Amino acid sequence: MMKRIAVLTTGGDAPGMNPAIRSVVRYGISQKLEVMGVFRGWWGLINEELKILNHRSVSGIIGQGGTILKTARCAEFRTSEGQSRAYATIKKNNIDGLVVIGGNGSFAAAHEFYKNFNVPCVGVAASIDNDVNGIDYTIGTDMAINTALDAIDKIRDTATSMERIFVVEVMGRDSGFIALTVALGGGCEDVLIPERETYLTSICHDIVHGNLVGKMSWIIVLAEGAGKADDIAKRITDLTGLETRTVVLGHVQRGGRPTAVSRDLALHLGKAAVDCLIAGKKDVALGMNASKLVEVNFETAIKKKEFNIENHYRLIKILT
Ligand code: F6P
């Protein structure tokens, strides 16, 4: 029977992690559980950095970006030595189950930990990358896209006024989801993502042709996994002879007050994670799929998430 659970946030922070923590803590307490907060993700389990959280511990965090529990990327947790130390902390503190708030990489680690030590782990999908297979949106994705769109709208003002080409680099080391969504929603002329080969020569051909018929400004969205903005801009200038400016949005996309969508998701999934642990579930990630709460085995959740890239790309080009 579950008496004490622990919650941690791991991997890249995402706006909405805080409301998820609030939900786990307050709902857990309402179900007569003790809830411990682990600091800095897996690192905190390895180094026994954790404490009991009460109702007041999560006051005032519902609208804050980031995570009050801190987060980290922890290479040590990938070693059997690291996992053994984490397990020792679990045993010593009588923790019966773990809520892991994170993305694809965090769930891969939770899955290994469950397999090796049989610790019940339930995942709450939170990452700006929307990289959890089997669910529609991870907590934080919506916020990151809106932040990038806000920037693109502003860049458009100066791009059209000064008739320039811009390469705007957005996050997404392995996934072009943010870039494609931002390119479509921002009315951008082209997009470069890791999953799709797009030829710069063909983009440059379009730019030169566009210039001849009076289209003088271009915004090309670049996912960080598809190259560096400065390199792409230089190649565009070399091929077209036109001045090309760059903007790297970077970690700006990870911050800010979570949107209504991310908060709603976080608050529902936090509660559902506690319910799952009480019901004896383990080794699953939680998310929404077609407006329904779904449990996805970690093994499935960590597979490469597919989305309809070609449809998206075609629409971007048709609407340009
Ligand atoms: O996983 C989220 C993410 O923001 C990715 O889009 C990005 O590639 C990565 O994290 C950056 O990580 P870090 O902040 O550790 O450099």
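A polar side-chain atom of His251 lies 2.8 Å from an oxygen atom of the ligand, a polar contact being a pair of N or O atoms within 3.5 Å. The protein covers 79% of the 400 Å² of accessible area that the ligand has on its own (Shrake-Rupley method, 1.4 Å probe). The model is predicted, with pLDDT of at least 70 needed for local features and 80 or more for side-chain atom pairs, while totals for chains, interfaces and linings use all residues. Residues are numbered from 1 along each chain, and side-chain values use heavy atoms, without hydrogens and water.

Gly172 contributes a backbone N or O atom, at 3.3 Å.

The ligand is surrounded by Arg73, Ile128, Asp129, Met171, Gly172, Arg173, Glu224, His251 and Arg254 (a heavy atom within 4 Å). This shell has 5 charged, 2 polar and 2 nonpolar residues, with Asp, Glu, Lys and Arg counted as charged and Gly as polar.

Elsewhere, strands S10 (residues 284-289) and S11 (residues 292-297) pair in the antiparallel sense over 6 bridges. Strands are DSSP runs of E, at least two residues, and pairing needs at least two bridges. Met288 has Leu293 in S11 as its bridge partner. The two strands form a hairpin with 2 residues between them. In the turn, Ala290 has a positive phi of about 45°.

Conventions. Polar contact = N/O pair within 3.5 Å; in protein donor to acceptor, adjacent residues only side chain to side chain. Helix = DSSP H or I, 4+ residues; strand = E, 2+ residues; numbered from the N terminus.
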